[in-house]
Amino acid sequence: MNADAILDRLLQNAAALDELGPLADAIADVVVQRLKQEADRHWAINPHRSLELADLIERIGATRGDVGQQALGVMARGDALKLLGHNQEAWAALEQAGAMFRTIGDDLGWARTRIGRLGLCVDLNRIAEALEDAAAARAIFAAYQDHDKLLRLDYNTAFVLCHLGDPQRALPLIQAALDTATRLGAAGEQYLSWLYTIQGFAYDGLGQLRAATDAYLRARAICEQRGEWNAAARVEHNLAYLAIAQGHYRAALRGLQRSYDLAAAEFPHIAAHARRDMLECYLALNRYAEARDLAQQVYEQWCALDAQYEAAVTLVLLATAEAELGHDEAARATLDRAEAIFAQLGASAWIMTVRLRRGRIALRQRDLATAEHEAATTAAWFAQAGQRVPQATAMLLLGQIAHARSDLTRAADCARAALRIAQQSHMPALRYAAHLLLGHIAAAQHQPGRAERRYRAAVATIERVQRGLTLTLRPSFLEDKHEPLHALITLYLRQGRLVRAFETLERTRALTLLGYLANREHLLWSADDPDSRLLIAELEQLRSEHHWFLRLLHETPGADDEVRPTITPDQARHELALRERRLRAITEQLYLRAGDDGFTRVEPIALSRIQAALDDDTLLIAFYTDRERIWAFSLDRTTLLVHPLAASVTDVNRLLSQFQTNVAATLREGPHTPLAGGLHMVAQRLLQRLYGMLLAGLGERLQGRRRLLGVPFGPLHYLPLHLLHNGSGYLIEQYEVVMLPSAALAARQGPARPPGARVLAHSWNNHLPQTLQEAGIVVRLFGGEILAEEAARRAALSAPPRQILHIAAHGQYRLDQPELSYIQLDDGQLYTDDLLQCDLSYELVTLSACETGRARIAGGDEPIGLGRGLLYAGAGALLLSLWRVADESTIRLMECFYRALHDGASKAAAIRAAQCALIAAQPHLHPAFWGAFQLIGDARPLQSMPPDA
């Protein structure tokens, strides 16, 4: 048999070597070299195959007693083990191979083993030894004119230099290797993806992000063409890292997930890299608790892989999360651990990064001397090293310290220097922080025009970033981005520029709401993507399990129930928590995969257009708070006024909390117990005080009005505006009261739908028997269909919308995790995410269930709860409850409400008529029993009536 035939046979079945016996010299040389080439080719495809081929090479050498061939096999084994993450074993194998080559005087063979060790030395803290041997190997390759091996050596040396924070020295080596690859022609093509990847890494280290992106894109195209999935996963995660730096967090997380999916099974190092960059995303998005938990997991993963350098980098990120969570001592201790490792490795750039993080902690603790020392030292070092992005970060810190010292001239110089680099490097987070600091400086220097420009630039930077975020990413990102918005509104109020103040107040929340209404496809999970279908299938299984454990925890088994397994409440809660974490992770992945990255830009609705949409007897009241004081903007068809209110945010929060406690106690007691009267008197006093604080100052603006539109802000989202009491009656007794999450909704008409109702009624195992009665009331008046009990399933919401959607069922608000608030249907919980997957553009959606109107206010003044899901899904108006509703009074309220609506009243007039009817029937009834429901959105009448209307 010739060499080709033997090679083919061995590639198909390595056991054939036992039958072939020792190969002849000429054939063995050809077969071994070809096997080594095949093993190298599989580095980027399947390193397990490389390991198998390395074993075959070593066995061929052993059967022939050829030490050189055995050494070649051991070297190939070391290279494969390195790619599989077995660093210590890989180093030992390469050392063994080098020693074997030395015993037979093969200097070239020894030099080849030094290439692989460069890829290991950073993690194993053997950098000096590896670089010294690399220099000797370079001389050997040059003497033998072995350009292929010289290329590999230069690439790996550049890799070490980049990780040590010296990309300037790395770039010439990379370019030399690329030139060599070009001269080698077809033989050099196998190296191009790796070379472009490390070139991108070097450019990234220098802050040249466009050049880095171009290099990575070239690498990715080559990887895809050659089927190099190892390299492809590495490129994906590097591109994602650039996306993080440029504020493209959605694209980053999508890319990191692709990288992880490619690498998880075969390439543990790359998989760990992807997870580490995910936690960097979480840090940028202010998800610090998740980042801390993930950092601890990734750190343990790096330790298991013997990757000291990567473990130390992860410790820096862990320290950042701890610091942002307010755990400064833990953050400093973690930074100390990281610095000790970097000092052993000689990674000067990372030592400076650690010091920069210490400086940020010191500034927060007002230790300005320490902060300034660290910032000045690191700024000078990064400037000398040509690392512009960390230099800008250090300069910004110097500017913040100078501002804290009231050294405004130096603060401005540092901020401008940081801004120049941020603009050149396309770093929005740095741009935002620099503009914000320059705005504060201009304000302190009494330069309002300049301050306004800087604050507006900061707001615009955040708006550009948030447009690309998903529903799940946006709220946390905006948590700490209110400062320029507050500064602008304060500036405009001082200048008496009320229109600009109002439009600025409206801008962020209006852009969020209108943006999602105009881009609903970004909320729809893909039905065509195979990966999304798998995630949805897993989601359904998890929901089924979650529902089972929830029933186990909260429902008492009846006599006819089948025997339940023995499980304690603590075990059930633990199982629920595990599934809830996975549920959130899956839904986030589905949103990341949904739609494309082209988010249609939406401009906010102008004040004049909002005014034109108001009736003559309507007053819109938009509240604003800067965390201390409260203002109310009052708007009618012709006039905008602002009213500084005497109330403090602290006082209003205290009264709201007391009222909520009062309602909860009343619902526990019941309407006719001895304590009920006292609780009612206390509630009225609280509501009168809130009226005095929030509305009494509006004076004549309230007179002659029929309808009030309330637009809350911050903690006032929890205010039951319709229940405020002026001493003679509740607000709902005098006005129609409608709540709007954004004033822009006043100018937006709800949808027009064909007459009829769709009613879902679920009694929750007969705990809520009134639900079927409610269903009958709605359908008797408006026609349509009742989907009761077993038919009340989530799939019913996929039908084309009609005028009214009424859901009567058990509801549960989750204070700890509002995104997991739900309505209980027959096939499990109906979450906000389910609502967003449906067209719910009904004219009116009523959720007759407990706490369906409750929400947590997240970044961007965005309520997180079921109501948000309904609005984003297209509902024109919502009728939601603010607390647990009482069965008997709810039936009466719904009958009155729908009767008035059927008779042609507006939605706002109908809910007022219903609540006033309950008050008239029982004047001393606590509002807990009649005031839970609140109208949100389009207040107009239904646009058509059933034939008998």
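The model is predicted: local features need pLDDT of at least 70, side-chain atom pairs count only at pLDDT 80 or more, and totals for chains, interfaces and linings use all residues. Residues are numbered from 1 along each chain as its sequence is written, and side-chain values use heavy atoms, with hydrogens and water left out.

**Overall build**
- The protein chain has 38 helices and 16 strands, taken as DSSP runs (helices H or I, at least four residues; strands E, at least two) and numbered from the N terminus.
- Its C-alpha trace spans about 105 × 75 × 45 Å along the principal axes.
- Of the 949 residues, 59% are buried, meaning under 20% relative accessible area with a 1.4 Å probe and protein chains only.
- Among contacts (heavy atoms within 4.5 Å) with a separation of 6 or more, 72% are between residues 24 or more positions apart.

**Nonpolar cores**
- A nonpolar core is a set of buried Ala, Val, Leu, Ile, Met, Phe, Trp, Tyr and Cys residues joined through side-chain atoms within 4.5 Å.
- The largest core has 321 residues, and those with the most contacts inside it include Phe 342, Leu 695 and Tyr 898.
- Helix α17 (residues 308–324) gives the largest share of this core, eleven residues.
- A second, separate core of eight residues includes Phe 549, Leu 550, Leu 820 and Tyr 831.
- Beyond its neighbours within four places in sequence, Leu 695 is in contact with residues including Ile 621, Phe 623 and Leu 731.

**Strand pairs**
- Two strands pair if DSSP finds at least two bridges between them.
- Strands β2 (residues 629–635) and β3 (residues 640–648) run antiparallel and are joined by seven bridges; a hairpin connects them through four residues.
- Ala 632 stands opposite His 643 in β3.
- Strand β15 (residues 877–881) is antiparallel to β16, with five bridges, and Leu 880 stands opposite Gln 934 in β16.
- Five of the five residues of β16 (residues 933–937) are buried.

**Second largest pocket**
- This pocket has a volume of about 1600 Å³, the space filled by probe spheres set on grid points joined across faces, edges and corners.
- On a 1 Å grid over the protein atoms alone, a pocket is an open set of points where a 1.4 Å probe fits, with protein on both sides within 12 Å along at least five of seven lines; lining residues have an atom within 4 Å of a point.
- Of its 50 lining residues, the closest to the centre are Arg 287, Glu 290, Arg 584, Ala 585 and Glu 588.
- Helix α29 (569–593) is one of the elements that supply at least two lining residues, and its eleven are the largest share.

Key
Buried < 20%, exposed > 50% of the residue type's maximum accessible area, 1.4 Å probe, protein only.
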